[in-house]
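Subject: Structure for your review

Dear colleague,

Please find the sequence and the structure below. A summary of the findings follows, beginning with the whole protein and then turning to its parts.

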Amino acid sequence: MKDIRVIGLDLDGTLTTSEKKITSHTKEVIRRAIVEKDVKIVLASGRPVVGIVHVAKELELDKLGGYILAYNGGEILDAKTMEVIDSTYLDKSTYETICDVYKKFPGVSALTYEDNEILTAFPENKYVAEEVRCCNVGVRKANDLYERVKERDLPKFLEVGAPELLPPVKDYLEPLIGDKADVFFSCPFFLECVPKGIEKGSKLATLTKKLGFTTDNLMVCGDAPNDITMLQTAGLGVAMANGYDEVKAVADYITLTNDEDGVAAAIEKFALGL
């Protein structure tokens, strides 16, 4: 059995249930891994920092210690001190193209984050509302999103819209900004735009090394395409039973679903040895 010392956990579809909750059993198992085995927990998500902090507090990482990997790796913070350990921002030359996608693709909305809120020109878009629900934050309207953010350092934009609308948006954006940004799906209605080369796998590997371990000591759990790199990087990559087929294909182990305490089951098996 591998010596698991660091565990990277995706949130939506993995750690949280379909209702965006963490069960009491999963909380207890994570606490045992920290207290009994001195495992370092990393919450690794495409969410912004504000959408992860309340999860970290719910798991008591602000007291027990742990890490937040936000924006798919755009920012990494110490969950106890909230010190930013690492950050990478989008090239500002990409902003206007990203923000103005709605002009060519009606029904698609760009959003980013400001002052612990979601910022978008189209707060009424139901997929914006889904990101609000996921992150448990408010939303603010910006009539001209580009003008509002053009001078700011941003780790991520999200293009949101009906699943059938977004593949052409990806095809449109990649030739225009693909040399400076990565564009990929985290789910069928969320198209991520992040700095070139920023993904969960390499950032988790860097953090694991800083903590004094190797990727052989790293276990991760995920369900979505943006989790693939971390499953490929980790010594033990765990896919959720509810995960995408392409995620399961690269996994070392498939656990139960997110509604069946799949994360807890994997931690019990591989970190606690139960």
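What is the accessible surface of the protein, and what percentage of it belongs to carbon and sulfur atoms? The accessible surface comes to about 11,200 Å², of which 48% belongs to carbon and sulfur atoms; areas come from the Shrake-Rupley method with a 1.4 Å probe, and for residues only the protein chains shown count as cover.

Please note that this is a predicted model, in which local features need pLDDT of at least 70, side-chain atom pairs count only at pLDDT 80 or more, and totals for chains, interfaces and linings use all residues. Residues are numbered from 1 along each chain as its sequence is written, and side-chain values use heavy atoms, with hydrogens and water left out.

Overall form

The protein has 274 residues, for which a compact globule would have a radius of gyration near 19 Å; the value of 18 Å agrees with this. The radius is taken over C-alpha atoms, and the globule rule is 2.2 Å times the number of residues to the power 0.38. The C-alpha trace spans about 55 × 35 × 35 Å along its principal axes. Of the 274 residues, 55% count as buried (under 20% relative accessible area, with a 1.4 Å probe and protein chains only). Among contacts (heavy atoms within 4.5 Å) with a separation of 6 or more, 58% are between residues 24 or more positions apart. There are 13 helices and 14 strands, taken as DSSP runs numbered from the N terminus (helices H or I, at least four residues; strands E, at least two).

The six-stranded sheet

An open sheet with mixed pairing has the strand order β8-β7-β6-β9-β11-β10; two strands pair if DSSP finds at least two bridges between them. Because β8 (138-141) and β10 (181-187) each have a single partner strand, one side of each is left without a neighbour in the sheet. The twist averages 30° from one strand to the next (axes are lines fitted to C-alpha atoms, for helices over the stretch in contact, and angles run from 0 to 180 degrees between N-to-C directions).

Strands β6 (residues 109-114) and β7 (residues 117-120) run antiparallel and are joined by four bridges, with L111 opposite T120. They form a hairpin with two residues between them, and D115 in the turn has a positive phi of about 50°. By contrast, β7 and β8 pair in the parallel sense over four bridges, where E117 stands opposite G138. Strand β9 (residues 157-160) pairs with β11 (residues 190-195) in the antiparallel sense, again over four bridges, and L158 stands opposite E192. Helix α9 (residues 166-177) lies across β9, β10 and β11, at about 165° to β10.

Helix α3

In helix α3 (residues 50-58), the buried residues are G51, I52, V53, V55 and A56. Their cover includes α1 (11-15), β2 (40-44), α4 (61-64), β3 (67-70) and α7 (126-135). E60, which follows α3, has a positive phi, near 65°.

Yours sincerely

How values were computed
Buried < 20%, exposed > 50% of the residue type's maximum accessible area, 1.4 Å probe, protein only.
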